[in-house]
Amino acid sequence: MRYGRDLSFIYNNPTRIIFGEQTVREAGLEVESLGGSRALIVTDQGVVAAGLAEMVQKALGRRYAGTFAGCLQDSGLHIVNEGAVFAREVGADVLVSVGGGSTIDTTKGIAVLLKEGGQLQDYAGYQLLSRPQTPHLAIPTTAGTGSEVTYAAIIKDWENNTKILFCDNHLIPNVAIIDPLLTRDLPPLLTATTGMDALTHAMEAIHSTEREPLADAMALHAIMLILEYLPRCVEQGEDLQARGQQQLAATMAGIAFNNTQVALVHAMAHSVGALFHVPHGLANSILLPHVIVYNLDYCADSYALIARAMGLAVPGMSNEEAGTAVAEAVWALTKKMGVPQRLREAGVPQDGLEAAANRSLSDGSIIYNPKPATTVEEILEVYYNAW
Amino acid sequence: MSYAYGTEEWEKAYLEMVAIRLATVSKPYIQGSPEWVATYEKLIQESQEYNEAAKGWEGTVVIHIMPNPELGLDADVYQLLDLWHGECRSVRLVPQEAGEKADYILSGELARWEAVVAGDLETTKAMMQGKIKLKGDLATIVRYVKASTLLTEIAARMETKFLSQLSEEEREQYRKEAAKLRAEFGF
């Protein structure tokens with residue numbers, strides 16, 4: 001998919017990004033620069049137990065107003081509503097998310113409710129907000145979802161067992177602190193799967209129908225960084241240089257897909273996530289190479305670009321061969337890192353694949369896939385291959 | 001005389017008004033005018049392609065155009081499409097209270113909707129870029145991207161005059177007629 005003469009896009013990247021070891025110490029000053037004086041930490045019990053929330057609390061100093069540690073994987077409408085109530089009780093005027101994508105997304109939801117009131121479900125849709133929301137400083141502890149720079153929040157509706165997508169430019173966090181120290185103790189498998197989430201973001205940004213050059217630049221460099229540093233993070237978690245580069249890659253991949261959207265991999269990953277609780281990064285990791293193979297006859301030139309970035313391109317190689325090489329390289333990477341290779345290993349039952357395929361058709365990401373996937377049968381075939 | 005929306009009298013008077021305007025107003029029709037909306041309705045009803053693509057669709061859709069007094073649009077415009085299982089039951093200009101109750105509401109400034117109808121702005125991209133807002137269940141609408149694209153294409157195929165193209169005199173005339181219709185029908 002070369003850029004045509006009719007290329008036309010808007011590139012949006014407003015988050016102030018602060019990177020470096022110990023930069024979490026800047027949190028208090030950043031809260032003040034956002035005009036706040038009462039910062040609520042939004043996090044989960046795991047982050048609290050790891051002592052990371054306390055690090056941030058210390059950095060906030062007199063601006064610290066409280067901690068809401070009720071976040072869960074996939075978040076939840078009820079969790080956002082509870083968080084907003086707590087935020088109001090402590091008089092929060094800035095939100096500081098400390099955690100992975102689910103925590104950051106929960107905080108995006110709380111930011112809306114603090115400003116607009118009502119229930120989060122009232123804001124389901126696209127670009128419905130008309131003004132800036134409660135200021136949000138995001139401090140990711142995985143590398144990662146890129147949620148610290150994106151306009152989307154995915155919140156699970158636990159009652160209906162579905163994931164709801166909220167998309168709005170006003171959801172993008174104002175500031176992100178990317179501190180390698182906060183990912184140092186992430187266990188190897190979680191490092192690998194959250195890292196694969198970042199790789200999927202980068203690759204989907206490139207094969208998306210909304211692909212454009214500025215996002216491509218971010219995505220391609222993210223891919224190069226991930227290939228070099230993610231395995232190092234998995235093997236030697238204390239390697240802070242590798243941790244930092246992997247975090248930056250995740251942020252860059254987030255910037256990329258924030259501008260171009262994601263596609264079929266995410267539509268399918270969201271579905272198995274909602275139905276069978278497969279962690280998002282793991283689902284992406286398993287599905288990514290299979291979707292690349294599915295898409296090959298529609299956007300091999302995009303994969304050829306990726307192959308060059310991965311150092312896989314060989315003179316005389318056709319675009320299709322390059323695409324196949326990319327898929328195989330992804331499999332090799334995940335195998336090397338010990339990531340489960342098949343959906344069945346992730347607890348997905350075979351007789352659940354049809355329901356997942358059906359659900360994928362309702363996922364907004366699917367419309368950006370380069371190869372149309374408009375029937376259950378088409379998606380089911382990819383699921384079977386991945387199962 | 002004013003009519004209460006939702007009553008048989010309103011519907012009867014609306015259709016009579018449209019019939020008169022279709023017979024007397026010269027083409028091309030101004031975007032969003034009753035005669036334009038009636039022509040749009042007819043084209044959707046005649047579209048076999050739309051009928052196929054929207055087979056399972058249930059729900060009302062509103063195209064909400066925000067005011068632009070400088071160009072003669074003094075109030076919000078709500079075009080309500082009553083769509084059901086591939087059938088376009090009606091397209092009407094409706095009062096705000098009715099428009100805001102639709103299952104799906106696409107809101108945008110006049111300039112954006114002019115660009116959509118001119119074929120210069122693709123609705124999905126417009127939503128992604130924040131140029132058009134969508135209220136409603138995304139999971140459902142995503143399954144009918146083809147149908148919604150067809151609705152846009154049908155509008156883009158119509159010969160249309162845009163408010164931004166009117167002369168001052170035409171704009172004043174439009175403004176007066178719109179105010180009269182607002183008083184009669186509430187939109």
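Me: How should I read the numbering and the model?
Reply: Residues are numbered from 1 along each chain as its sequence is written, and chains are lettered from A and ligands numbered from 1 in the order in which they are written. The model is predicted, so local features need pLDDT of at least 70 and side-chain atom pairs count only at pLDDT 80 or more, while totals for chains, interfaces and linings use all residues.

Me: How many residues does the contact take from chain A and from chain B?
Reply: 16 from chain A and 16 from chain B; two residues are in contact if their C-beta atoms, placed from the backbone, lie within 7 Å.

Me: OK, helix 5 of chain A. What should its residues span?
Reply: Helices here are DSSP runs (H or I, at least four residues) and strands are too (E, at least two), numbered from the N terminus. The expected span is 1.5 Å times one less than the number of residues, so the 16 residues of helix 5 (101–116) should span 22 Å, and the end C-alpha atoms, 23 Å apart, agree.

Me: How many of its residues are buried?
Reply: 14 of 16. Buried means 20 or more other C-beta atoms within 10 Å of its own, exposed 12 or fewer, partly exposed in between, with C-beta atoms placed from the backbone.

Me: What follows helix 5 of chain A?
Reply: Gly117(A), with a positive phi near 75°.

Me: New topic: how many bridges join strands 7 and 8 of chain A?
Reply: Six, and the strands run antiparallel; pairing needs at least two DSSP bridges. Ile155(A) has Ile164(A) as its bridge partner.
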